[in-house]
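Please read it alongside the sequence and the coordinates.

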Amino acid sequence: MSDLEQFRSEARQWLEANCPDSMRTLGRREDMVAPGRKQAFPSDDAKIWFERMRDKGWTCPDFPTEYGGGGLDVAQTKVLKEEMFKLRCRAPLTDIGIAMLGPALLEFGNEAQKAEHIPKIVRGEIRWCQGYSEPGAGSDLASLQCRAEDKGDHYLVNGTKIWTSFATEADWIFCLVRTDPDVPKHDGISFLLIDMETPGITVSPIQLISGDSEFCQVFFEDVKVPAGNLVYGVNKGWTVAKGLLKHERKMIAELSQDFIGGKLSLRQAAAEYLGNNAEGKLKEPGLRAAITNHEMNMRAIGLTAHRSHLEGLAGQVDPRIPMIMKYVSTTEFQAKDELLAELLGYRGLGWKDDYFDEEELKASRSLMFNKSLTIAGGTNEVQLNIIAKRALNLPSH
Amino acid sequence: MALVLTEDQQMLKETAKGFISDAAPVDEFRKVRDAGEAYNAELWQQMAELGWSAVAVPEAYDGLDFGITGLGLISVEAGRQLVASPLQTTSATGASALVLGKSEDARRRLLPEIATGETLVALAVDENNHHDPLYTNTAATPVDGGYKVDGSKVFVAEGNYANYFIVVARDAAEKFVLLLVDANAEGVTRNAVQLIDSRDYANVEFSGVSVSADDVLADGDDAETIVRTLIDIATVMAACELYGIAQQAFEQTVQYLTEREQFGQIIGTFQALQHRAAHAFAQLQLLKSVILDALDAAEKNRPDLAMAASHAKALANDTAQLITNEAIQMHGGIGLTDELDIGLYFKRVRTLRNAYGLSSYHRRRYARLSGY
């Protein structure tokens, strides 16, 4: 048996022995375990599962062991994910600290920053949020204005950040701030870590069309941030931002690929809500073709993600693949939402009350909320710009 | 690691790319077309000497036993330069029909000659305007352990110069029968049909043609599976060629976007064109993964070959159509001229989309195989 197969077998045994039965079912959005000072577990099993995974370092399986991570290499991490998927193990902890800030800090942070923050991410002690966009800086992120003035031992931060997910729940925020307003826009940005309990920070949730309000606006008024919280170097924040954005786009792409049908896969929904004809085929041939189209696209995206992984293992990395993954995954995920809404008819447009079941309400909320997928972390248009410029080498103006 | 090529496969791909771009660029196809020929026999001989005709032939019959993936990779490169040759019909489908079939005698007689490229084979399946083996009416009547064949096949690729036909027919019980028919046998007549891609197509009549027991490749309960598998292999090969054409047309178009100037600017700086090119690139990358997976399914005869083949053909059809349409639009008027290769790619894609099924056929089949 190869080392990797040996690892697979051990991982599977450990998961089988340690993952509680109730954690081996499809989770809903509200079943997700988030980290932080305000952490509350949706169930006792969720807590047990989280603690076991945390102690093994598998909340962050590919982080170095010196910071509490699992120390697994790329291939082992994939194997662990595959085994968790096969056993339907839920993620023990879901957080942008794990998916975005952690990897960026490991790449760009100094030793003190890594030693302070990474173990807390692994152990789920701190919940992070992201301060990137501003009211005047969306797709043109580099035009951001939130100001951080150098005051010697600290920076004085004034300005605002918007579309910050879960800012009301988060303990810390990582921000892009303007440290030099007199140079070209990309060259005057720094990356700053800020404790949300620092005086001068206020948070205001934003109500969305879906009824959700996880997106917030964060206001900074004379907020003093220790100088040691600046990552990588003054005015070098754009480099960190780009590195982190790659992790963000990968995360969004993967979230979109992990299509968990729940009770309502498209074909089940079609059979249940539209019905079959006498031959046992879906009644509506147009929708049948649309479902097939979606299933084929999802299969193609899955195969491409897998191909990219195998190319990486074989030392034949094609850097152009990650550039397309967010674009194709989020586009297809929205197509699924639209299709599901069509299959459910009025039942896919419920707002609330007992007339609709949970899955139906989820479908209508997703239809609206998931419109954010092709906007957040770089709009589709920005993604296409990147492909045109970096993958196809098309010229700029 | 089916989605990543092995070293040997990578080497074959590089060899194929190198040889075809040197010895068989699109200009060579133009010569064949302008001379009214079906293919360049001298070029085919060179391809055979490189061993390409022997790729899917088992070692026991003087072949290389390299696997269908190898032929797929050559087909991709051949697609890029519009090489007209019997590679797919003979080396992939023809060899596979004999390997899958039950006649050891036919294998011994023909596989060594297929391996050397001397014997050429064509697959005769379609009888209508659209591909669907369900509508096979060619009749196979049992005679002396063999069969008598009556029926008409249309748009048989490489059918005017093939030495043998692999014929899909049905017996009285409506079961598939797969037969090897000598193209010069009594009762076989063929007429050339010209399609827009200037390739070789024949309408073939079989009128009381006798087929000996040794030339029965499949009948009875096994025939359905063998016929389906064979057509799936042919389908994947067509998808490979489409992928090759799509890649080439795309690369030439992106190149053109960096050269052509209008309004005092390189047109590749226009976001409207950049985004369409980027979208096409994403589709090509998805197609690549699906093609590699389908080749693996064909090579290993995986249980999900039918689904993988339908997926590959549907996506190849759609992507090649998108890209050749975009290629013409982005080139503007010059894209419609015979002088530019873009129009030739467009024409070949149109006929290949029909070969072994349009996207609608494959979507319907995929849905049926998925159980809904």
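The mean pLDDT of chain B is 97, and 100% of its residues reach 70 or more. This is a predicted model, and for the complex the predictor gives an ipTM of 0.93 together with a pTM of 0.91. Chain A is divided into domain 1 (3-94), domain 2 (128-236) and domain 3 (259-391), while chain B is divided into domain 1 (7-118), domain 2 (122-218) and domain 3 (223-370).

**Domains 2 and 3 within each chain**

- In chain A, the C-alpha centres of domain 2 and domain 3 lie 32 Å apart, and seven residues of domain 2 are in contact with six residues of domain 3.
- The side of domain 2 of chain A that touches domain 3 of chain A is made up of three nonpolar residues, three polar residues and one charged residue.
- In chain B, the C-alpha centres of domain 2 and domain 3 lie 29 Å apart, and 17 residues of domain 2 are in contact with 16 residues of domain 3.
- On the side of domain 2 of chain B that touches domain 3 of chain B, strand β5 (residues 176-182) gives the most, with three residues, and by class that side divides into eleven nonpolar, two polar and four charged residues.

**The contact between chains A and B**

- The contact takes 34 residues from chain A and 30 residues from chain B.
- On the side of chain B that touches chain A, α7 (223-257), α8 (271-300), α9 (305-331) and α11 (359-370) of chain B each supply at least two residues, and the largest share, 13 residues, comes from α8(B).
- By class, this side of chain B has 18 nonpolar, ten polar and two charged residues.
- Across the two chains, helix α8 (residues 285-313) of chain A packs with α9(B) at an angle of about 95°, their axes lying 11 Å apart, which means that α8(A) is roughly perpendicular to α9(B).
- The contact of these two helices is made by M296(A), R299(A) and A300(A) of α8(A) and by H311(B), A314(B) and L315(B) of α9(B); these residues divide into four nonpolar, one polar and one charged.

**Helix packing within chain B**

- Helix α4 (residues 68-80) of chain B and α7(B) pack at an angle of about 40°, with their axes 7 Å apart, and their crossing is right-handed.
- On the α4(B) side the contact includes I68(B), L71(B), G72(B) and S75(B), and on the α7(B) side the residues include I233(B), V236(B), M237(B) and C240(B).
- The residues of the contact of α4(B) with α7(B) comprise eleven nonpolar, six polar and three charged.
- α9(B) and α11(B) pack at an angle of about 150°, with their axes 9 Å apart, and are therefore roughly antiparallel to each other; α9(B) passes α11(B) in a left-handed crossing.
- Among the residues that make this contact are A306(B), M307(B), S310(B), H311(B) and A314(B) of α9(B), together with S359(B), H362(B), R363(B) and Y366(B) of α11(B).
- The contact of α9(B) with α11(B) divides by class into five nonpolar, five polar and four charged residues.

Methods
Residues numbered from 1 in each chain as written. Chains lettered and ligands numbered in written order. Predicted model: local features only at pLDDT ≥ 70, side-chain atom pairs only at ≥ 80, totals over all residues. Domains from an automatic or database assignment. Nonpolar A, V, L, I, M, F, W, Y, C, P; charged D, E, K, R; others polar. Helix = DSSP H or I, 4+ residues; strand = E, 2+ residues; numbered from the N terminus. Axes fitted to C-alpha atoms, helices over the stretch in contact; angles between N-to-C directions. Left-handed = near helix turned anticlockwise from the far one by under 90°. Parallel < 35°, antiparallel > 145°, perpendicular 65-115°, else oblique. pLDDT = per-residue confidence, 0-100.
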